[in-house]
Amino acid sequence: MIVTAISFFISKYFNKYSIYTAELARKGIDFRSEKEKFAVQHLSIESLVETDFKKFKPNMMLRELVEKVPFTKRNLFPIVNEEGRLVGVVTLDDIREVILDKSVYDVIMIYEIMNSNFQSIEIDGDINHAIKTFEEKQVWNIAVTKNGKYAGFISKSSLYNRYISLWHQRQSEEI
């Protein structure tokens with residue numbers, strides 16, 4: 001029994017999956033514990049969407065964005081076109097070098113500094129896809145769209161905070 005137990009732990013240390021689940025894992029099918037499955041079942045993209053972001057249009061001047069920065073707790077600004085579609089994002093890191101140079105406020109347009117390479121998911125999308133995106137792309141926010149139009153963002157921290165709350169709730173129900 002001791003040898004079997006030791007071999008089991010050594011095997012788990014070097015290989016997360018058994019010979020039965022390894023092929024499925026290679027195909028992208030991951031197995032979580034029952035508690036994890038329960039918590040994830042009770043999460044939806046829609047329940048995690050945060051909407052208190054100041055939106056800007058790509059043809060606005062940098063001045064309009066910079067003047068709003070002190071009045072928001074966010075460091076991420078969605079750039080939305082006339083049809084309501086998200087076309088980019090601007091972060092405080094994107095404007096850090098020019099924020100103190102007021103001479104460029106009326107020269108630089110938002111589309112010139114926005115990042116159009118961002119992660120997004122539909123509001124009725126799979127929460128597992130969001131989790132995978134957070135893990136693989138190492139991002140903190142994912143844009144959420146509804147029928148292709150900007151709806152808000154979900155953050156890694158709010159997702160995991162909600163997940164942990166549900167997990168703890170499940171733990172206390174078992175006691």
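This is a predicted model: local features need pLDDT of at least 70, side-chain atom pairs count only at pLDDT 80 or more; totals for chains, interfaces and linings use all residues.

Colleague: OK, Arg 74 then: buried or exposed?

Modeller: Arg 74 counts as buried because its relative accessible area is 16%.

Colleague: And where is the place of Arg 74?

Modeller: Arg 74 is in the loop between helix H5 (62-66) and S1. Helices here are DSSP runs of H or I with at least four residues, strands are runs of E with at least two, and both are numbered from the N terminus.

Colleague: Which side chain does the side chain of Arg 74 make a polar contact with?

Modeller: That of Glu 50, at 2.6 Å. A polar contact is a pair of N or O atoms within 3.5 Å; within protein, one must be able to donate a hydrogen and the other to accept it, and residues adjacent in sequence count only if both atoms are side-chain atoms. The two side chains also meet in a salt bridge, 2.6 Å from N to O. This pair links distant parts of the chain, with Glu 50 in the loop between helix H4 (45-48) and H5, 24 residues apart from Arg 74. For a salt bridge, a side-chain nitrogen of Lys or Arg has to be within 4 Å of a carboxyl oxygen of Asp or Glu.

Colleague: What about Glu 50, buried or exposed?

Modeller: Glu 50 is at 19% relative accessibility, so it counts as buried.

Colleague: Which residues are linked with Glu 50 and Arg 74 in a network of salt bridges?

Modeller: Asp 52 and Lys 73. Lys 73 bridges to Asp 52, with the closest N and O atoms 3.6 Å apart. That pair also links distant parts of the chain: Lys 73 is in the loop between H5 and S1, Asp 52 in the loop between H4 and H5, 21 residues apart. Lys 73 is exposed because its relative accessible area is 70%, while Asp 52 is partly exposed at 38%.

Colleague: How many salt bridges does the structure hold?

Modeller: Six. One of them joins the side chains of Glu 67 and Arg 63, at 3.7 Å from N to O. Glu 67 is partly exposed at 45%, and Arg 63 is partly exposed at 28%.

Colleague: Switching to strands. How many residues of S1 are buried?

Modeller: Five of its five, so S1 is mostly covered. Leu 76, Pro 78 and Val 80 point one way from S1, and Phe 77 and Ile 79 point the other way. In a regular strand the side chains alternate between the two faces of the sheet.

Colleague: What does Pro 78 touch?

Modeller: Leaving out residues up to four places away in sequence, Pro 78 touches Phe 53, Lys 54, Lys 55, Phe 56, Leu 86, Gly 88, Val 89, Tyr 150 and Phe 153. Contact means heavy atoms within 4.5 Å. Pro 78 is buried, with a relative accessible area of 0%. The C-alpha atoms of Pro 78 and Ala 143 are separated by 8.5 Å, although these residues are 65 apart along the chain.

Colleague: How many bridges join S1 to strand S2?

Modeller: Five, and the two strands run antiparallel, with S2 covering residues 86-91. Two strands pair if DSSP finds at least two bridges between them. Val 80 stands opposite Leu 86 in S2. The hairpin has five residues between the strands, and Gly 84 takes a positive phi near 90° there.

Colleague: Zooming out, how many helices and strands are there in the protein chain?

Modeller: Nine helices and five strands. Of the 175 residues of the chain, 33% count as buried. Among contacts between residues at least 6 apart in sequence, 56% join residues at least 24 apart.

Colleague: Last one: is Phe 14 buried or exposed?

Modeller: Phe 14 counts as exposed because its relative accessibility is 66%. Phe 14 lies in helix H1, residues 2-14.

Note on methods
Residues are numbered from 1 along each chain as its sequence is written. Side-chain values use heavy atoms; hydrogens and water are left out. Buried means under 20% relative accessible area, exposed over 50%, partly exposed in between (1.4 Å probe, protein chains only).
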